[in-house]
Amino acid sequence: MPVFVDIDPRDFNINASEIEAVVAKRTKAIIPVHLFGQMADMSPIVETADKHGIPIVEDAAQAIGSEYQEKRAGSFGAAGCFSFFPSKNLGGFGDGGLVATNDEALAQRLRIIRNQGADPKYYHKALGGNFRLDALQAAVLRVKLKYLDAWTERRRANASYYTTRFTELGLTDGYIAPPPIVRERHVFNQYVIRARNRDALRSFLAQHGVSTEIYYPLPLHRQECISKAGFATAALPESEKAASEVLALPIYPELTDEDKEYVAQLIGHFYRAEEGAKARS
Ligand SMILES: Cc1ncc(COP(=O)(O)O)c(C=O)c1O
């Protein structure tokens, strides 16, 4: 049964200082999710895991190429999991993923599980599934991989442009909070702001042709599937607060300066109009 830990409001990642309190004898693994492209605070997480002899499984689905103290996401835990879903920084033309590990025995077990538990062919050693990366996805990803570093730099430059412009436009004075970079290297799978009157801002942007997304409208511990399964759902106030405030802006590598400026100007326009309406009422 999963036990959830609240997020650190600064980076939306697991709050490392709250893990120790929920670790129990039966804890099988600690799963930090490197959300939006910025890694969780791994030093204290590794310390807690080592102290209790619990493996770490990193969810690096959004964090390919992300770094913490010059080590890459997916290289801290017993295993690191990556996704090649099309919306990820390295996206295929369909579903796909990868597990990284330095443990040869675990690698062999994962290879077997990936292929219906067969080892050798037609002799099923374990209960597995079909988790193969199909050849078509592999071919696409092999070509796209060459561009990943350049695309990542574009995402980082886009993020820096937004943050600079939001500050210059006075939007960081109580209207929006750009994502703080609390550790390097953030790869900006998403550029997530906190926004005052978020839902109205989102509608306004949509009316002007700017797509945004809410990651995520309902925290995991409040999902129907979790409560139906009877899992404990302690209050996680920071996760709940974030769900009501966050908004992901377009950040993909191909955005032009005009695109980004348009988004920044629209947000400025929205809050100026809001202030104007307030002053008139
Ligand atoms: C943080 C995170 N974990 C896990 C997943 C699941 O990845 P996949 O869709 O490849 O199974 C995703 C992507 O959807 C994700 O963003």
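The legends below describe several close-up views of a predicted model. Local features are reported where pLDDT is at least 70 and side-chain atom pairs where pLDDT is 80 or more, whereas totals for chains, interfaces and linings use all residues. Residues are numbered from 1 along each chain as its sequence is written, and side-chain values rest on heavy atoms, with hydrogens and water left out.

**View 1. Glutamate 58, a buried residue without a salt bridge.** Glutamate 58 belongs to strand S1, residues 57–59; strands here are DSSP runs of E with at least two residues, helices are runs of H or I with at least four, and both are numbered from the N terminus. Glutamate 58 is buried, a word that stands for under 20% relative accessible area, while exposed stands for over 50% and partly exposed for values in between, with a 1.4 Å probe and protein chains only. The nearest side chain of opposite charge is that of lysine 71, 7.5 Å away, whereas a salt bridge requires a side-chain nitrogen of Lys or Arg within 4 Å of a carboxyl oxygen of Asp or Glu. For charge, Lys and Arg count as positive and Asp and Glu as negative, and His and the chain ends are not counted. The side chain of glutamate 58 does have a polar atom 2.8 Å from the backbone nitrogen of glycine 74, and the side chain also reaches the backbone nitrogen of glycine 77 at 2.8 Å.

View 2. A nitrogen atom of the ligand is 2.6 Å from an N or O atom in the side chain of aspartate 59. For glutamine 62, an N or O atom of the side chain is 2.8 Å from an oxygen atom of the ligand, and a polar side-chain atom of lysine 88 lies 3.1 Å from a ligand oxygen. Of the 390 Å² of accessible area that the ligand has on its own, the protein covers 57%, as computed by the Shrake-Rupley method with a 1.4 Å probe.

**View 3. Arginine 185 in the loop between strands S6 and S7.** The peptide bond from glutamate 184 to arginine 185 is cis, with omega near 10 degrees. Arginine 185 is buried, at 11% relative accessible area, and forms a salt bridge with glutamate 153, in which the closest N and O atoms are 2.9 Å apart. Because glutamate 153 lies in helix H4 and arginine 185 in the loop, the pair ties together parts that are 32 residues apart in sequence. Glutamate 153 itself is partly exposed, at 39% relative accessibility.

**View 4. A salt bridge between aspartate 11 and arginine 183.** The closest N and O atoms of this pair are 2.7 Å apart. Aspartate 11 lies in the segment before H1 and arginine 183 in the loop between S6 and S7, so the pair ties together parts that are 172 residues apart in sequence. Aspartate 11 is buried at 4% relative accessibility, and arginine 183 is buried as well, at 12%.

**View 5. Phenylalanine 12 and phenylalanine 188, each with a positive phi.** Phenylalanine 12 has a phi of about 70 degrees although it is not a glycine, and it is buried at 9% relative accessible area. Phenylalanine 188, in the loop between S6 and S7, has a phi near 45 degrees and is buried at 3% relative accessibility.

How values were computed
Polar contact = N/O pair within 3.5 Å; in protein donor to acceptor, adjacent residues only side chain to side chain.
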